[in-house]
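User: I am new to this structure and would like to learn how to read its disulfides and one of its sheets. Could you show me the model and take me through them?

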Amino acid sequence: HCAEGYEPLCSDEVEPREGCQLQCLASQFLTTFTCKGKPCESPWTSSIANSDTSSTYACEEGEIISHNSFCTPICAEGYEANVDKLTCSLSQLSPSTFECVGLPCAAPKNIENAMATACEEGSTVQHGSVCTPRCQYGYTANESALLCTATALSPSTFQCSGLPCDVPTSIPNAATPACAGSENSSGIDDGGFCIPQCEAGYEPSIARLECRGSMLRPSVFKCVAPEYFENSTRLEAGLLRPAITRHLTITGIIDGTSLACFRDVTIRDAPQALCGVVEGSVVGLWHGSLVPLSEGDLSTIKTIAFESNLAAACYRDDARGAALACRGIRVVDFDALLGDEEEEEEQ
């Protein structure tokens, strides 16, 4: 007899079993026996939710787990066991069973007009939870939530559709409505265009405005009289100045209007930095007079746009050491009006 949890293995047999018999001859045993720990039976996959049902048994090792050996759990794709292994000892598994837990989902990627991290919950979504779509400003998702089930989102992705744009208003000398074709519409569809309309005697400064994500690009236009361009020069072939330039910086001031500053290195006797206003129109690009920003030998120029038609240009003059200088600039039509230079030592 063996203790509980053990069974005899006779020396002349391969497997232990209850009732094995020893051979006796002339009061001497010809065989002997040892007590081996009883094996364990594998749990059935039908008794464990989300286990791998392609097999009857839930352990990789099969139906029988030897004493002091291990059961390696098997789960369906997208799930993992809550324990690494079950230990067999004297016909009992420890723990006695396991659960198959769903793995998290990765947030969808490469969605046009979505945020870099497309789910409010982050780059991963836990099993049984949802991904709440995140679109860029001016866009809305076609799904309210994506459910995560064992690494798979349902639906698998979403789209970000642009919201319509409002028709521009309060534009001096613009017609009513300001965009052709919008008479009977509350807005301009995403991807559509506003074709500017002006009152008689005026022309739009740009040919069209495109609606993208609830915002017109550019956001507004001007209605100008023909003489508006008299104080400007048209850029032929896009050429602002026939020169070799360095440190070019261009900053948008208001829609359709930019401030360009640069150093003209072809002026050898007096190194000079210049600034000028550049504006786009339906008939091309135009620029105003180029005004001197500084006559110093500048090593860098940066421009910064503020609200409305205000900007600043900052630069370093190597002849003055580490000093930085800045000048305020007001843009009035095609004129760049420069303020006084203010100098500040770098800390």
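Analyst: A disulfide is a pair of cysteine sulfur atoms within 2.5 Å. This is a predicted model, and by that rule the count comes to eleven disulfides. One of them joins Cys59 to Cys71, with an S to S distance of 1.9 Å.

User: Which parts does the pair of Cys59 and Cys71 tie together?

Analyst: Cys59 sits in the loop between β5 and β6 and Cys71 in strand β7, so the link ties together parts that are twelve residues apart in sequence. The torsion about the S-S bond is about -90 degrees, so this disulfide is left-handed.

User: Are Cys59 and Cys71 buried or exposed?

Analyst: Buried means under 20% relative accessible area. Both Cys59 and Cys71 are buried.

User: What is the handedness of the link of Cys165 and Cys211?

Analyst: With 90 degrees about the S-S bond, the link of Cys165 and Cys211 is right-handed. Cys165 lies in the loop between β20 and β21, and Cys211 in strand β24, 46 residues apart. Cys165 has 1% relative accessibility and counts as buried; Cys211, at 0%, is buried too.

How values were computed:
Residues are numbered from 1 along each chain as its sequence is written. This is a predicted model: local features need pLDDT of at least 70, side-chain atom pairs count only at pLDDT 80 or more; totals for chains, interfaces and linings use all residues. Side-chain values use heavy atoms; hydrogens and water are left out. Helices (H or I, at least four residues) and strands (E, at least two) are DSSP runs, numbered from the N terminus. Buried means under 20% relative accessible area, exposed over 50%, partly exposed in between (1.4 Å probe, protein chains only).
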